[in-house]
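Q: I am new to this structure and would like a close look at a single part. Please take me through it step by step.

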Amino acid sequence: MKRLHLHLLSDSTGETLEMIAKAALAQFDDADVVRHFWPMVRSMQHLDRIMGEIANNPGLVLYTLVNTDTRDRLEQRCAALGLPSVAALDTVTDALEQQLGQEAKGRPGRQHIMDEAYFRRVDAIQFTIAHDDGVGWENWEEADIVLAGVSRSSKTPTSIYLANRGYKVANIPIVVESPPPAMLFSLRRPLVVGLTTSPERLIQVRRNRLLSLNQAPETAYVDTEHVTREVQYARRMFADNGWPVIDVSRRSIEETAAAVINLYNERRAAGGDTTPGAKPI
């Protein structure tokens, strides 16, 4: 398979461009792609140095540059080298300009301005870290979302991902031998979501975890009968309390988080709270 050098140029952190490239490359199996990442490109001198590297490793150039002069120089240099260059956000920006009736500001890193949304996201991350794995249950009512599930059902990584999207998230492990705090069953403000998975998948994940820690791979933690009972106990709790459930067996963290956000938005649109009178088992 032909190797492709993919050059990503941004006048800011490049986070947006990286996500676009990652999403597009996911559509191709076993693609041999070498990524070259060039963030904070804000001067002609910087661009000229990068063009030397691009000339040595010719390939596809994707960019998000808002400065007209820098864009023109990049496009001219790429054309001279016979390389394709693509402005990753131009189509979307042009469509928005037409629909909104105004021109884009054209300022690098504008989405990273430390505005109210930025500080809200920082607060969400701090809250989520402080309320991981059942810690700080006294403050769960302040959360936007509470994730419940057995051990290794992706609660923590999903929580952190959601926090980076600006949601305050707490999570609680469901353990047969140790029922969760009673507050979990009387929450009104947060959306409580149950995360479940197949016992077979859960055992596989747990075995890998034990091996990574150099611990004995044969314990009740991975015993088929014990794990099946855990999963059934958690599912019964979710059903008895009317909590929405997401099966994470074949979902990535991003897909699970997207499903949670969808549930959260549906609940907000309906103007509802957690069903009162929910009960533990």
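In what order do the 4 strands of the open sheet stand, and is the pairing parallel or antiparallel?

A: A word on the source comes before the details. This is a predicted model.

The strand order is E2-E1-E3-E4. These 4 strands make an open sheet, and their pairing is parallel. Strands of a sheet pair through backbone hydrogen bonds, and that pairing can be parallel or antiparallel.

Now take the edges. Strand E2, residues 33-38, stands at one of them, and strand E4, residues 85-87, is also an edge strand. Each has a single partner strand, so one side of each is left without a neighbour in the sheet. From one strand to the next, the twist averages 20°.

Look next at the pair E3 and E4. Strand E3 covers residues 60-64. It runs parallel to E4, and 3 bridges join the two. In this pair, Val-61 stands opposite Ser-85 of E4.

Helices pack on the sheet too. Helix H1 spans residues 15-25 and touches E1, E2 and E3. Strand E1 itself covers 4-10. The direction of H1 makes about 150° with that of E1. Helix H3, residues 68-81, lies across E1, E3 and E4. Its direction runs at about 175° to E3.

His-5 sits in strand E1. Its relative accessibility is 17%, and the cut-off for buried is under 20%, so His-5 counts as buried. The side chain of His-5 makes a polar contact with the side chain of His-36, at 2.8 Å. Leaving out residues up to four places away in sequence, His-5 touches Val-34, His-36, Asn-57, Pro-58, Gly-59 and Leu-60.

Follow the chain past E2. Met-40 is in the loop between E2 and helix H2, which covers 44-56. Most residues other than glycine have a negative phi. Met-40 has a positive value, with phi near 55°. At 41% relative accessibility, Met-40 counts as partly exposed.

Now set the sheet in the whole chain. The domain assignment gives domain 1 as 4-111 and domain 2 as 116-271. The C-alpha centres of these domains lie 37 Å apart.

Some features further along the chain complete the picture. The largest nonpolar core has 24 residues. Val-146, Ile-174, Leu-184 and Trp-243 touch the most other members. Two or more residues each come from strand E5 (145-149), strand E6 (169-173), helix H7 (199-212) and helix H8 (224-240). H8 gives the largest share, 6 residues.

Ile-174 shows how the contacts fall. Neighbours within four places in sequence are set aside here. Its partners then include Ala-148, Gly-149 and Val-150. Pro-180 and Glu-230 are also among them, as are Tyr-233, Ala-234, Met-237 and Phe-238. A second, separate core has 15 residues, including Leu-162, Val-169, Val-260 and Tyr-264.

Arg-152 lies between E5 and helix H6, residues 155-164. Phi of Arg-152 is near 70°, a positive value in a residue other than glycine. Arg-152 is partly exposed, with a relative accessible area of 38%.

Conventions:
Residues numbered from 1 in each chain as written. Predicted model: local features only at pLDDT ≥ 70, side-chain atom pairs only at ≥ 80, totals over all residues. Heavy atoms only, no water. Domains from an automatic or database assignment. Pairing = 2+ DSSP bridges. Axes fitted to C-alpha atoms, helices over the stretch in contact; angles between N-to-C directions. Contact = heavy atoms within 4.5 Å. Buried < 20%, exposed > 50% of the residue type's maximum accessible area, 1.4 Å probe, protein only. Polar contact = N/O pair within 3.5 Å; in protein donor to acceptor, adjacent residues only side chain to side chain. Core = buried A, V, L, I, M, F, W, Y, C linked by side-chain atoms within 4.5 Å.
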